[in-house]
Amino acid sequence: MSEAYDVVVIGAGPAGYPAAIRAAQNKLKVACVDEWRNTDGGYAFGGTCLNAGCIPSKALLESSELYERAKEELSHHGLKIGALELDLAQMQKRRASIVKAMTQGITALFKASGVVGLQGHARLLTGNQVLVKSADGGEKTLQAKHVVLASGSTPIRLNAVPHDGTHIIDSWNALELDAVPARLGVIGAGVIGLELGSVWRRLGSEVTVLEALEEFLPTVDQTIAREAQRHFKKQRLDIKLGTKVARASVTDGAVDVVYADAQGEHALKVDKLVVAVGRRPFTEDLLAQGTGVELDARGFIRVDEHCRTTAANVWAIGDVVRGPMLAHKGKEEGIMVAELIAGRYGEVNYKVIPSVIYTAPEIAWVGQTEEQVKASGRAYKVGAFPFAASGRARAMDAAQGMAKIVSAQDDDEILGVHIIGPMAGELISEAVLAMEYSASTEDIQRTIHAHPTLSEAIHEAALAADKRAIDTINR
Ligand SMILES: Cc1cc2nc3c(=O)[nH]c(=O)nc-3n(C[C@H](O)[C@H](O)[C@H](O)COP(=O)(O)OP(=O)(O)OC[C@H]3O[C@@H](n4cnc5c(N)ncnc54)[C@H](O)[C@@H]3O)c2cc1C
């Protein structure tokens with residue numbers, strides 16, 4: 001006997017679970033199936049983001065930053081504490097309890113909104129049927145008017161660097177280490193590599209980051225990227241650009257890495273090696289023969305701008321489709337699809353998706369970089385404000401970095417905002433809202449910002465774009 005639903009969502013990560021909840025809010029009958037299991041063997045909703053990505057990484061970033069600040073900054077505030085001790089077991093217990101509370105929260109949200117949450121493997125069959133296999137071997141078929149594929153992504157592995165989960169590890173393993181490695185290698189100086197490298201460096205590891213590209217953070221505005229590189233260097237995060245890892249092997253509990261740069265081959269010995277070279281779309285055993293759902297050359301499910309796949313009434317969202325692999329991008333796609341299925345209006349503004357790197361200082365941006373605007377040929381102006389001139393940032397002992405606004409010379413439209421500094425990930429929301437409403441720098445100039453706040457940096461950067469900043473010298 002098959003159960004009938006208006007919508008079946010496969011995957012309960014940050015793309016799938018909001019799609020399911022919004023569809024239920026739209027009075028549709030919804031089931032959401034997920035196969036995620038944590039290291040204790042238990043099923044959990046929330047996908048990569050809640051179990052092995054955004055949330056546990058931010059828990060450890062917060063704890064490790066507190067540890068470093070307590071060690072290096074409290075005395076500057078006139079606070080003396082006795083010997084500071086790291087209790088990693090407690091830190092990891094806290095991380096795990098946050099993850100548990102958040103993932104259990106999704107179960108509660110499903111219940112409250114009437115979504116049927118199912119745990120097991122789901123496979124799309126022809127005719128919009130979904131076969132669900134639960135852990136106990138039980139099988140059932142769901143009949144769906146619409147199916148939403150939200151199966152997410154998985155870390156890319158390198159053949160020359162064979163993953164063993166103990167010494168050569170991925171980002172999930174790196175979040176659950178029970179001891180601080182004396183020497184940590186990270187392959188990849190992207191967002192995940194920098195965040196994980198920061199966590200373990202603060203907790204005491206000597207961290208070497210190997211990055212194949214010559215340029216540091218090439219997709220980030222280069223003024224911000226250069227500033228970030230300077231800070232990471234000062235923090236003794238050893239980032240080696242233009243280095244290609246040739247191979248790695250485990251001997252006597254350590255990893256021998258061989259990498260090449262312009263000078264030739266080099267050897268590096270580390271206790272743990274994290275492979276953080278990116279993620280690929282995950283579609284293993286998701287689609288039966290003949291569903292009509294096509295993948296592109298890179299393995300992403302092919303979709304149009306409204307996330308319709310090549311099969312009728314089958315939609316795909318989140319990391320498994322084109323676009324930045326970010327939780328909030330997947331969430332908006334999920335909401336859009338749930339609205340469109342219900343016959344309502346839905347859209348994602350792909351031009352205004354913020355990105356954040358949760359290092360210290362934080363890095364956040366939205367829209368075009370100065371380099372992109374320059375390449376487009378459009379005349380532009382730039383306003384920047386250093387946090388060194390922010391009273392609030394100084395009071396917080398975090399007066400590093402800057403806020404920078406790039407806007408059009410002709411109509412003053414804001415084209416991109418780039419921040420490196422305290423709470424950059426929170427501050428960027430003002431810029432996202434402004435750009436969503438096609439605001440001009442003048443709109444921000446005329447908006448009152450409370451004093452003393454970090455957000456005044458955005459206000460002053462907007463003023464600086466017209467050489468009318470008050471709290472910094474106009475250049
Ligand atoms: C260390 C790390 C830190 C990150 N930090 C951030 C951050 O700070 N901010 C941010 O925006 N993004 C961050 N990301 C990226 C973010 O986690 C992803 O963009 C996001 O999880 C993608 O959401 P999704 O729902 O598309 O996929 P996922 O979260 O991967 O969820 C997909 C779900 O589908 C399930 N599934 C797959 N196939 C099937 C099947 N056949 N049957 C049943 N279930 C299935 C999976 O088990 C999984 O639970 C981070 C990622 C990592 C690894």
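Analyst: Happy to! This is a predicted model. Let's start with Thr 359, which lies in the loop between strand E18 (355-357) and strand E19 (362-367).

User: Let's switch to H6. How many of its twelve residues are buried?

Analyst: Ten of the twelve are buried, so H6 is mostly covered. Among the buried ones are Leu 194, Glu 195, Ser 198 and Arg 202.

User: How far does H6 reach from its first C-alpha to its last?

Analyst: H6 reaches 17 Å, close to the 16 Å expected at 1.5 Å a residue. Just after H6, Gly 204 takes a positive phi of about 125°.

User: Now the helix pair. At roughly what angle do the axes of H3 and H6 cross?

Analyst: The axes of H3 (residues 54-72) and H6 (residues 191-202) cross at roughly 40° and come within 9 Å. The two helices are therefore oblique to each other, and their crossing is left-handed.

User: Which residues of H6 meet H3?

Analyst: On the H6 side they are Glu 195, Ser 198, Val 199, Arg 201 and Arg 202. Their partners in H3 include Leu 61, Glu 65 and Tyr 67. By class, the contact has four nonpolar, three polar and seven charged residues.

Key: Residues numbered from 1 in each chain as written. Predicted model: local features only at pLDDT ≥ 70, side-chain atom pairs only at ≥ 80, totals over all residues. Heavy atoms only, no water. Axes fitted to C-alpha atoms, helices over the stretch in contact; angles between N-to-C directions. Helix = DSSP H or I, 4+ residues; strand = E, 2+ residues; numbered from the N terminus. Parallel < 35°, antiparallel > 145°, perpendicular 65-115°, else oblique. Left-handed = near helix turned anticlockwise from the far one by under 90°. Contact = heavy atoms within 4.5 Å. Nonpolar A, V, L, I, M, F, W, Y, C, P; charged D, E, K, R; others polar. Expected span 1.5 Å × (residues − 1). Buried < 20%, exposed > 50% of the residue type's maximum accessible area, 1.4 Å probe, protein only.
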